[in-house]
Amino acid sequence: MEKTKALVLISGGLDSILAVKVLQDQGVEVSGVCFVSNFFNCEQAKKNAEENNIELQVIDISKELLAIIKNPASGVRKNINPCIDCHTLMLKKAKDYLDSMGYDFLATGEVLGQRPFSQNKNSLITIQEKVGIDILRPLSAQLLPKTEVERKGLVNRERLLAIEGRSREQQQELVGKYQIKNFSSPAGGCLLTDPEFGHRLSEMIWHWPNCDIDDVELLKYGRVFWFSFWDRYVLGVVGREKKDNDRLEYLKKPGDLTLELKEVTGPLTLVRNGKFKFKTEAVNIKID
């Protein structure tokens, strides 16, 4: 008899690893999927997957997520974070991968009520309807409507959990049970929740509505300045330390300008002219 196979969203946080452990306790064969963008990465998820011998697929959603940020169908939280639309995008991508690879069901580490905006019961059900597939939430399954996965007997609902709210007490107990050593905080580390970065991105979208993921990447390094020339805006990014300078040099594209001090160690400045290119074509300017 073939094992039941589940695809689980692995974030790098504790809850997704606990969801994996709960399913493995029932003999389910688990693989993971993680998503990367300009705003979050999969480094902790990769470590967790390796430590727990989980096969992990990494999918880049940078372009799709930027399009959502510019026009969020479900609105945003504080700053510029389109939580519901972002999570819906991830689950749709996961569903596509699940269908192509023949997994039996999709699961997440979401906990009912842990995040009031995106993890209340209505939001969880709405997201599931948008994705068009039953999604098992092993940590809170007993508090949610029974899924087709449970009705078919692919998992035992009685052995799933009923965790709710922002308290981490029950999760900490499970850490001991499953002897989990390394995990990140539940907050996640998404740059879209950072007020300063959110302001930078909002400003870029205002000045350059057609900005792309390469433009957005510049906002993560150094000090950002905007200059108005007639009917267009020019972006200047000044490195604050060597790693900023190195990244700006790496991110330079044909048509950008880079400026640096001559014979003096100091900041590198990258200047980008939006969809237009400077006629000097990527010249390095030394300033006395």
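Author: A residue is called buried when its relative accessible area is under 20%, exposed when that area is over 50%, and partly exposed in between. The structure above is a predicted model, and by this criterion 49% of the 288 residues of the chain count as buried.

Reader: What makes H1 count as largely enclosed by the rest of the structure?

Author: Of the 11 residues of H1, 10 are buried, so the helix is largely enclosed by the rest of the structure. The buried residues are Leu14, Asp15, Ser16, Ile17, Leu18, Ala19, Val20, Lys21, Val22 and Leu23. Their cover includes strand S1 (5–9), strand S2 (29–36), helix H2 (43–51), strand S4 (105–107), strand S5 (135–136) and H7.

Reader: Which residues of H1 and H7 meet, and what classes do they belong to?

Author: From H1 come Leu14, Asp15, Leu18, Lys21 and Val22, and from H7 come Gln171, Gln172, Leu174, Val175 and Tyr178. Sorted by class, this contact has six nonpolar, two polar and two charged residues.

Reader: Why are H3 and H4 described as roughly antiparallel?

Author: Helix H3 (residues 62–70) and H4 pack at about 150°, with 10 Å between their axes. The cut-off for roughly antiparallel is an angle over 145 degrees, and H3 and H4 are therefore placed in that class. The crossing in which H3 passes H4 is right-handed. Where they meet, H3 supplies Glu64, Leu65 and Ile68, and H4 supplies Asp85, Cys86, Leu89 and Lys93. By class, the contact of H3 with H4 has four nonpolar, no polar and three charged residues.

Reader: What makes a set of residues a nonpolar core, and which residues have the most contacts inside the largest one?

Author: Such a core is a set of buried residues of the nonpolar kinds from Ala to Cys, joined through side-chain atoms within 4.5 Å. The largest core of this chain has 47 residues, and Phe35, Phe39, Phe40 and Leu201 have the most contacts inside it. Helix H4 (residues 83–101) gives the largest share of this core, eight residues. Apart from it lies another core of 31 residues, including Val28, Val36, Ala141 and Tyr178. In soluble globular proteins, nonpolar side chains tend to be buried together.

Reader: Which residues is Leu201 in contact with, leaving aside its neighbours within four places in sequence?

Author: With those neighbours set aside, Leu201 is in contact with Phe39, Ile69, Ile80, Leu192, Val216 and Leu219. For the chain, 60% of the contacts between residues at least 6 apart in sequence join residues at least 24 apart.

Reader: Why does Arg159 count as partly exposed, and where is Arg159 found?

Author: The relative accessibility of Arg159 is 45%, which lies between the limits of 20% and 50%, so Arg159 counts as partly exposed. Arg159 is found in the loop between helix H6 (148–151) and H7.

Reader: What is noted about phi of Asn53, and is Asn53 buried or exposed?

Author: Phi of Asn53 is near 55°, a positive value in a residue other than glycine. Asn53 lies in the loop between H2 and strand S3 (56–60), and its relative accessibility of 72% is over 50%, so Asn53 counts as exposed.

Reader: What about phi of Gln179, and why does Gln179 have its exposure class?

Author: Phi of Gln179 is also near 55°, a positive value in a residue other than glycine. Gln179 is found in the loop between H7 and helix H8 (195–207). Its relative accessible area of 66% is over the limit of 50%, and Gln179 is therefore exposed.

Methods
Residues numbered from 1 in each chain as written. Predicted model: local features only at pLDDT ≥ 70, side-chain atom pairs only at ≥ 80, totals over all residues. Heavy atoms only, no water. Buried < 20%, exposed > 50% of the residue type's maximum accessible area, 1.4 Å probe, protein only. Helix = DSSP H or I, 4+ residues; strand = E, 2+ residues; numbered from the N terminus. Contact = heavy atoms within 4.5 Å. Axes fitted to C-alpha atoms, helices over the stretch in contact; angles between N-to-C directions. Parallel < 35°, antiparallel > 145°, perpendicular 65-115°, else oblique. Left-handed = near helix turned anticlockwise from the far one by under 90°. Nonpolar A, V, L, I, M, F, W, Y, C, P; charged D, E, K, R; others polar.
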